[in-house]
Amino acid sequence: MADQYAQFREGDGPLEIPAIRWDEPPEGPVLVLLDQTRLPAEEVERVCTDAPALVEAISTLAVRGAPLLGIAGAYGVALAAVRGFDVDDAARALAGARPTAVNLAVGVRRAQTAYRAALSGGGDQRQAAGAALEAARALHREDAAASARMAGHGLALLDELLPGGGHRILTHCNTGALVSGGEGTAFAVALAVHRAGQLRRLWVDETRPLLQGARLTAYEAARNGMAYTLLTDNAAGSLFAAGEVDAVLIGADRIAADGSVANKVGSYPLAVLARYHHVPFIVVAPVTTVDLDTPDGASIEVEQRPGHEVTEVTAPQVPVAGVEAGGGIPVAPLGTQAYNPAFDVTPPELVTAIVTEEGAVSPVTAEALAELCDRSRQV
Ligand code: MRU
């Protein structure tokens with residue numbers, strides 16, 4: 001195991017395998033995912049030949065993170081169309097695979113709408129499938145571009161909020177190239193800070209129970225040669241108390257019209273800590289994550305995940321998301337019930353700024369968000 005880790009460490013640069021790619025081998029088109037349940041032990045691909053395989057990959061978090069879920073959902077619809085399956089069935093199953101990240105439903109709808117529009121415009125099945133695939137590819141490209149712009153806006157905001165540089169940034173969950181067509185959301189900002197020579201330390205929350213921070217963010221930070229330190233989620237409080245955190249940067253799965261932010265469980269306690277300690281709490285997300293149809297935080301559906309993710313740790317070292325109950329090492333008495341929400345919701349008054357590809361919103365208000373979405377629609 002030690003050797004496996006060693007070969008990926010210290011500034012190896014971007015991932016060898018992209019988080020997602022469309023491929024057309026002779027046997028027929030496929031969607032190829034970097035299987036995130038296997039990181040950091042190994043970078044291996046998982047090949048999906050139909051929508052049910054992709055639904056399984058989404059539910060087990062082999063592919064995950066809001067922007068990437070949107071891209072995956074769009075490609076999933078294209079896959080169903082190209083392979084001649086029922087597109088509406090596939091779209092329904094994909095959009096329902098996980099409820100909280102709005103990007104998933106948005107991506108699915110975009111490819112489905114392109115497919116239907118091509119058919120109703122007189123196109124045949126092959127042309128409609130082509131239109132769905134082009135919609136997925138466009139979303140993929142746009143997400144990469146949005147990621148680069150968020151990084152620029154985030155860097156500028158940090159310079160403004162924290163003049164003098166040498167930032168110590170705390171982050172939660174995983175928001176890098178593994179969740180994006182580009183370099184991610186919050187992590188892309190941290191990477192920009194690092195490249196500008198201004199990152200003193202990236203504090204990485206391990207992110208219980210599926211350890212996206214330990215397994216994925218630490219992996220990406222190591223590959224990019226960033227100065228990073230891993231901590232248990234519970235250690236964040238003492239880190240703030242010691243004055244070791246200059247800013248919190250997180251992503252988002254859904255931002256309601258009032259500015260409430262759903263993100264990986266554990267984000268809300270960080271927002272409370274940040275407010276108490278007068279530290280900026282910054283959310284970085286593409287405009288596609290803003291959902292004006294969800295009025296407020298209470299209206300966001302928070303995914304509840306199986307209790308065995310909490311009551312068991314999967315052998316040997318690396319937990320495998322979605323492993324069958326009983327497949328891991330029990331860390332609680334048999335029959336223990338677990339509370340396992342995948343996300344929590346931070347109210348807008350605790351969020352210093354929301355950084356998108358269209359710029360930053362601060363203070364976070366319903367009016368400012370609506371105006372941002374309007375602006376983005378006009379581009
Ligand atoms: O359950 P996950 O791993 O899909 O949760 C991911 C997160 O919470 C991310 O922070 C969020 O999707 C934003 S990624 C840009």
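This is a predicted model: local features need pLDDT of at least 70, side-chain atom pairs count only at pLDDT 80 or more; totals for chains, interfaces and linings use all residues.
Me: Which hand does the crossing of H5 and H6 have?

Reply: Right-handed. That's the word if the near helix is turned clockwise from the far one by less than a right angle; anticlockwise makes it left-handed. Among the residues making this contact are Gly107, Arg110 and Ala111 of H5, and Gln127, Ala128 and Glu134 of H6.

Me: What makes a residue count as part of the contact?

Reply: Its C-beta atom, placed from the backbone, has to lie within 7 Å of the partner's. By class, the H5 contact with H6 has 13 nonpolar, two polar and two charged residues.

Me: Why are H2 and H3 called roughly antiparallel?

Reply: Helix H2 (residues 51-59) and helix H3 (residues 66-82) pack at about 165 degrees, their axes 9 Å apart. Angles over 145 degrees count as roughly antiparallel (under 35 is roughly parallel, 65 to 115 roughly perpendicular, the rest oblique). H2 and H3 therefore get that label. Their crossing is left-handed. Ala51, Leu54 and Ile58 of H2 meet Leu69, Ala72, Gly76, Leu79 and Ala80 of H3, giving seven nonpolar, one polar and no charged residues.

Me: And why are H6 and H7 called oblique?

Reply: H6 and helix H7 (residues 186-195) cross at roughly 60 degrees, and their axes come within 8 Å. They are therefore oblique to each other. The crossing is right-handed. On the H6 side the contact includes Ser147 and Met150, and on the H7 side it includes Ala188 and Val189. By class it has nine nonpolar, three polar and no charged residues.

Me: What makes S6 and S16 edge strands?

Reply: Strand S6 (228-231) and strand S16 (359-361) each pair on one side only. They belong to an open sheet of seven strands, S6-S5-S4-S7-S10-S15-S16, with mixed pairing. The twist averages 25 degrees from one strand to the next.

Me: How do you know that S5 and S6 pair?

Reply: Pairing takes at least two bridges found by DSSP. Strand S5 (residues 199-205) and S6 share four, in the parallel sense, and Val204 stands opposite Leu230 in S6. H6 packs on this sheet, its direction making about 145 degrees with that of S15. Helix H8 (residues 212-223) lies across S4, S5 and S6, at about 160 degrees to S5.

Me: In what order do the strands of the open four-stranded sheet run?

Reply: S11-S8-S9-S14, with mixed pairing. Strand S8 (residues 254-256) and S9 pair in the antiparallel sense over two bridges, and Arg254 stands opposite Ala262 in S9.

Me: Which residues come nearest to the ligand?

Reply: Arg64, Ala66, Cys173, Gly251 and Lys264, out of 18 around it. H3 and strand S9 (261-264) are the elements that give two or more residues to that shell. Its classes are eight nonpolar, seven polar and three charged.

How values were computed
Residues are numbered from 1 along each chain as its sequence is written. Two residues are in contact if their C-beta atoms, placed from the backbone, lie within 7 Å. Ala, Val, Leu, Ile, Met, Phe, Trp, Tyr, Cys and Pro count as nonpolar, Asp, Glu, Lys and Arg as charged, and the others, Gly among them, as polar. Axes are lines fitted to C-alpha atoms, for helices over the stretch in contact, and angles run from 0 to 180 degrees between N-to-C directions. A residue is near a molecule or strand if its C-beta atom, placed from the backbone, lies within 6 Å of it.
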